[in-house]
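Trainee: I'm new to this one. Could you walk me through how to read it?
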Amino acid sequence: MTDLIQPDELLFNPFAPGFFEDPYPQYKMLRDEDPVQDHPLGFWFVSRFDDVSRVLKAGLSVEIGNLAPGPYSQQIEYFGEEGNAVALNLSMLDRDPPDHTRLRSLVTKVFTRRAVAALEPQIVRLVDEALDRMAEKGSSDLVEELAFPLPFAVISEMLGMPPTDHARIRELSGTLVRSLEIVADEETARAIMAADAELTGITRDLIAWKRDHPADDLLTALIAAEHDGEVLDGDELVAQVVLLYVAGHETTVNLIANGVAALLRNPDQLALLRARPDLAANAVEEFLRYDSPVQQTRRITTEPYAVAGKEIPAGTFVLACLASANRDERFFGPDAGRLRIDRPEARHQVSFGAGPHHCLGAALARLEGQVAVSRLVRRFPDLGFAGELTWNGRINLRGPAKFPVTVHA
């Protein structure tokens, strides 16, 4: 990709030096100079708040079968070849109505706000146990001790997963989510396909075990769920479970870690949160806005689509940049690049998407983020960086890979 970029060109370039550490200057230039960009790699990149919101709500497709032949379709073909990629092709994230409507209705029945609210005591317990471990050590890695294990444990218990190789599943899910971004080489694409196949096999085994050991949990409910007399077929069930398992922890890891990093880099806002615990819920909305756990989402046009005075042809891959939209000064004001946990319009962030594909797990992510961050900053008045924060090198699900912190002065 970098070979296509000329020094005098402004193009979305996630491989530019410094992008992984801070993509926001590039997003700002795109918003200001080319907010709906026809990229030479074969996709369109949309970066302003109003335009991103329109794309999300427009009812555009998510099915790769609607993508016209072109430069970007060559990457996508790796993921759809002969329908072998179960998790990448059959989850509700990858289907249009009526399949999306049917799949989401089945899952929604066992993923209600009431069920999420009932998890709060368990989340508080898991957070406090993690904070106890951190207090005993004095310094530790925030990702390893809190940001990853909390959502992973919650979604595992919510699904009713039996004991399994958590380290391997974490590794596989980290590879699988690379399918959500630009893949620069065939080796990475093949690694994604291999991760899909292995996760699919693991999930089939877990489902078979659960059929023999039903319980009061999400996986048992999914196996039994019906919508207008229909149940999930074998591959569809696998795909929804993989989606819930992966999405249930990958994004919340970033929400927690990005939020804490933002507070430590803005000590006035950290002090405000400690002084005003009633701002905890709004602070989570601001974390989601300020440093989006998911930076972009995709859509595919099925007919010519007009946006910001340009016409995107049918069969085109559109990247709607959630992270850029969330920093758009045209909507959030001239201080959109600042962290403000009392920002009244923070709840209008688009990090969970919008329209029919609005994130099903938004309520759970908000609850986990609020409990984890608020209890962390109250428990440790001397919380601070204990070394350099290292980013995970992902374009889309961007967050810290290593986050050393100290809890003692």
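Trainee: Which residue stands opposite T406 in β11?
Mentor: That's G384.

Trainee: What is the strand order in the open sheet?
Mentor: The order is β3-β11-β8, three strands with antiparallel pairing. β3 (139-141) and β8 (384-385) are at the edges, and each has a single partner strand, so one side of each is left without a neighbour in the sheet.

Trainee: Now helices. Why is helix α9 described as largely enclosed by the rest of the structure?
Mentor: For that you look at burial, meaning under 20% relative accessible area. In α9 (residues 149-159), eight of the 11 residues are buried, so the helix is largely enclosed. Among the buried ones are L150, P151, F152 and V154.

Trainee: What covers the buried residues of α9?
Mentor: The cover includes α7 (120-137), α8 (142-147) and α10 (166-176), along with α12 (218-224), α13 (234-265) and α18 (362-379).

Trainee: And what follows α9?
Mentor: G160 does, and its phi is positive, near 80 degrees.

Trainee: Last one: where is the pLDDT below 50?
Mentor: Where pLDDT is low, the predicted coordinates should not be read in detail. The protein chain averages a pLDDT of 89, and 91% of the residues score at least 70. Over residues 1-8, though, the pLDDT is below 50. That stretch has 13 contacts in the model beyond near neighbours in sequence.

How values were computed. Residues are numbered from 1 along each chain as its sequence is written. This is a predicted model: local features need pLDDT of at least 70, side-chain atom pairs count only at pLDDT 80 or more; totals for chains, interfaces and linings use all residues. Side-chain values use heavy atoms; hydrogens and water are left out. Buried means under 20% relative accessible area, exposed over 50%, partly exposed in between (1.4 Å probe, protein chains only). Helices (H or I, at least four residues) and strands (E, at least two) are DSSP runs, numbered from the N terminus. Contact means heavy atoms within 4.5 Å. Two strands pair if DSSP finds at least two bridges between them. pLDDT is the predictor's confidence in each residue, from 0 to 100.
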